[in-house]
Amino acid sequence: MNERWYKQAVIYSLDVETFQDANGDGIGDLPGLISRLDYLSRLGVTCLWLNPIHPTPNRDDGYDITDFYGIDPNIGSLGDFAEFLHQADNRGLRVIIDLVVNHTSDEHPWFQSARSDPRSPYHDWYVWSKDEPPDRRQGMVFPGHQKETWTFDEEAQAWYYHRFYDFQPDLNFANPEVRAEIHKVVAFWLRLGVAGFRMDAAPFILELTRPGEPEPQQDFSILDDLHAITTWRRGDAVTLAEANVEKDELLEYFGDGNRLPMMFNFLLNQRTFLALARADATPVVAALEASPSIAEPCQWATFLRNHDEVDLGRLGQHERDEVFTAFGPDPDMRLYHRGIRRRLAPMLDGDQRRLRMAYALQCTLPGTPVIRYGDEIGMGEDLSLRERNAIRTPMQWTDQPNGGFSSIAPKRTVRPVITGGDYGYEKINVLAQRGRSDSLLSFMEQMLPTLRECPEFGSGTCEPIDVGHRSVLALRFEASTGSMLALTNLAARRCVADASAVSTGHAVEVFADDDYDPIDATLENLTLNGYGFRWIRLGWEIPSGPPPPTWPS
Ligand code: NOJ
Ligand code: CA
């Protein structure tokens, strides 16, 4: 049985245009991605999340779409996409794609028609105001880079609403025609073979009121309908939603399992960065204890870095400042007054022990881990690039020109390849790490399959344990498959943890940062190196007697 595959998945997020260029035009493409599927399969990931793949003027890295039914010709054809799905399937890799339906590009034919004539059948597909909205400077998602949420359109002689940049007009979900069209989009890609979607900007799709209005209202029936259509068309399809909302609102998004099966855990992400900055596990424990319990089909997705800034907007001002000081000391590393536009490796000063600890920590937090391409080799950022593009540079495969990403002349790639210094492709690349058993890549290749052998972390119940050190996060997981204990030391100092409270008399270590002494089953004295971690299976005994008969006996 392959139930709830997403609870035991490892998701790898990538942007096709920066992953691998096959035809030498400097832009990553689907044939290039196909050529790297064996790499991804070996890494141990089980599901690929592709950032937007549709035709786009590319003013927001593809999150500005002009055709929901097509493939951006820069990355290939619909035929290439079908072939990619087939090749991924051959390797047992599922594929989910970004579903960006809160808005379109202003170049989308729907918007072009809508703005040209108030009688256009598409006019009411967008949100208009004849009068200047009084609150048009409220509710911006990209403060400092976005001036307003309503922009006057000369052609329409009216103001249109946009939660994001002014070239991304919001679709009007109050219009049943818009909902029906989006259902068609979902059905189309499911029919082609995707396993589901990463849903962009979920809260804004639901909003019935506009920023500044006194009583914000949302229509959650949109999620009910979307879930119904998605699961009707493909029973095991998953929608992984982006909803960076307050704790109390989260349960509404999950529903009883009838809305969103999966959501990114933004609150845990921010508390994890605070914990890493303080070398103190307490903020993570507090976040876990405050996490609402969710319905059985539902699941969290955990992440350290994604394709955007590290959004610290839900920390208190002092807490945010602590994280800024630790990981984004230079103002140019910060963004939108709330986040950090850096990759994980440079944030942790390239400290290999600390990086491994951070990934081991992520993999043992409740939920399904989502990893960003290039983080498995410790890629860095390019702060000379605009906003979030700093962390969207091409994948570094080899020490050949362009890091093996493309055969085009250097400097003509879709974005510059990071060159020179500690994070340049000459030093940080897949090939160099492939040859070394002590590399970050080899570590990830060992850890991810081990994680799959411990399904308790993804889907079991999780209980924080006091082991006598604030720097140590100790979590005990229980599932029908067994019990696990995960210990992670967030500090640089070695310590000895006492986990005797959860001793069951038998224990076996399944993964750790070091070759520790054999485990004493009392679990009283568990040494942890600075930034060390240990994954321990509890209650496990070597079966006595002959092995059970195999099928058919
Ligand atoms: C959220 C995405 O994560 C971000 O990258 C994008 O700019 C906005 N939504 C607009 O689609
Ligand atoms: Ca190409």
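Modeller: A polar contact is a pair of N or O atoms within 3.5 Å; within protein, one must be able to donate a hydrogen and the other to accept it, and residues adjacent in sequence count only if both atoms are side-chain atoms. This is a predicted model, in which local features need pLDDT of at least 70 and side-chain atom pairs count only at pLDDT 80 or more, while totals for chains, interfaces and linings use all residues. Side-chain values use heavy atoms, with hydrogens and water left out, residues are numbered from 1 along each chain as its sequence is written, and chains are lettered from A and ligands numbered from 1 in the order in which they are written.

There are 13 residues around ligand 1 (a heavy atom within 4 Å), and Asp60, Asp200, His307, Asp308 and Arg388 come nearest. This shell divides into four nonpolar, two polar and seven charged residues, where Asp, Glu, Lys and Arg count as charged, Ala, Val, Leu, Ile, Met, Phe, Trp, Tyr, Cys and Pro as nonpolar, and the others, Gly among them, as polar.

Oxygen atoms of ligand 1 take part in several polar contacts. A polar side-chain atom of glutamate 242 lies 3.5 Å from one such oxygen. For histidine 307, the distance from a side-chain N or O atom to a ligand 1 oxygen is 2.9 Å, and for aspartate 308 it is 2.5 Å. Ligand 1 taken alone exposes 300 Å², of which the protein buries 98% (Shrake-Rupley method, 1.4 Å probe).
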